[in-house]
Amino acid sequence: PVQWFAEIYDTRFKVYNVLQRRKRLEHESTLKRAVTHDFHPEDLEHDGEGHFGKLIARETAVTELTVGRLMGNYVLFSDAYIPVQTGTAFYRALQADGGKG
């Protein structure tokens with residue numbers, strides 16, 4: 001949807017605003033001739049596509065692991081249920097409504 005696209009671009013411009021301020025401070029304090037942005041490769045034209053592809057793949061893997069861990073711990077999507085991991089907790093969950101099930 002259009003709202004997501006606009007939100008992504010808004011976030012992108014906010015990130016670049018912060019990165020540019022950091023780059024400017026480093027530029028002025030060290031008087032270096034060339035300074036790269038944080039989270040960017042030095043040669044953006046040649047290494048940029050591979051770098052950002054790896055970055056997206058790494059973030060995807062971390063997200064999948066996090067969701068898998070939450071699902072494994074019965075925390076995700078358990079609003080209507082009582083998550084349990086031990087027999088004692090299971091017995092307490094059964095008795096939560098007076099044993100009516």
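This note walks through a predicted model, point by point.

1. A word on ground rules. Because the model is predicted, local features need pLDDT of at least 70 and side-chain atom pairs count only at pLDDT 80 or more, while totals for chains, interfaces and linings use all residues. Residues are numbered from 1 along each chain as its sequence is written, and side-chain values use heavy atoms, with hydrogens and water left out.

2. Let's start at the surface. Trp4, Phe5, Ile8, Tyr9 and Phe13 make up a nonpolar surface patch whose accessible area is about 620 Å² together. Patch members have over 30% relative accessible area and no salt bridge; nonpolar side chains (Val, Leu, Ile, Met, Phe, Trp, Tyr) are joined within 5 Å, and like charges within 9 Å. The areas come from the Shrake-Rupley method with a 1.4 Å probe, and for residues only the protein chains shown count as cover. Trp4 belongs to helix H1, residues 2-30 (helices are DSSP runs of H or I with at least four residues, strands are E runs of at least two, and numbering goes from the N terminus). Trp4 is exposed because its relative accessibility is 60% (buried is under 20%, exposed over 50%, and partly exposed in between).

3. H1 provides the largest share, six residues. Of the 13 lining residues, Arg12, Val15, Phe52, Leu55 and Ile56 lie nearest the pocket's centre. By class, the lining has eight nonpolar, three polar and two charged residues (nonpolar: Ala, Val, Leu, Ile, Met, Phe, Trp, Tyr, Cys and Pro; charged: Asp, Glu, Lys and Arg; polar: the others, Gly among them). On a 1 Å grid over the protein atoms alone, a pocket is an open set of points with protein on both sides within 12 Å along at least five of seven lines, and lining residues have an atom within 4 Å of a point.

4. Next, the salt bridges (a side-chain nitrogen of Lys or Arg within 4 Å of a carboxyl oxygen of Asp or Glu). The count comes to four. One of them joins Asp10 and Lys14, with the closest N and O atoms 3.5 Å apart. The two are separated by about one helical turn because they sit four residues apart in helix H1. Asp10 is partly exposed at 40%, whereas Lys14 is exposed at 54%.

5. Another salt bridge pairs Asp38 with Arg22 at 3.2 Å, N to O. Asp38 lies in the loop between H1 and H2 and Arg22 in helix H1, so this pair ties together parts that are 16 residues apart in sequence. Both residues are partly exposed, Asp38 at 32% and Arg22 at 45%.

6. Please also look at the loop between H1 and H2, where Leu31 lies. Leu31 is not a glycine, yet has a positive phi of about 55 degrees. Most residues other than glycine have a negative phi. Leu31 is exposed, with a relative accessibility of 72%.

7. Pro41 is in that loop between H1 and H2 as well, but counts as buried at 13% relative accessibility. Between Pro41 and Phe52 there are 9.1 Å in space, C-alpha to C-alpha, and they are eleven residues apart in sequence.

Definitions and conventions
Buried means under 20% relative accessible area, exposed over 50%, partly exposed in between (1.4 Å probe, protein chains only). On a 1 Å grid over the protein atoms alone, a cavity is a set of points where a 1.4 Å probe fits but cannot get out, and a pocket is an open set with protein on both sides within 12 Å along at least five of seven lines; lining residues have an atom within 4 Å of a point.
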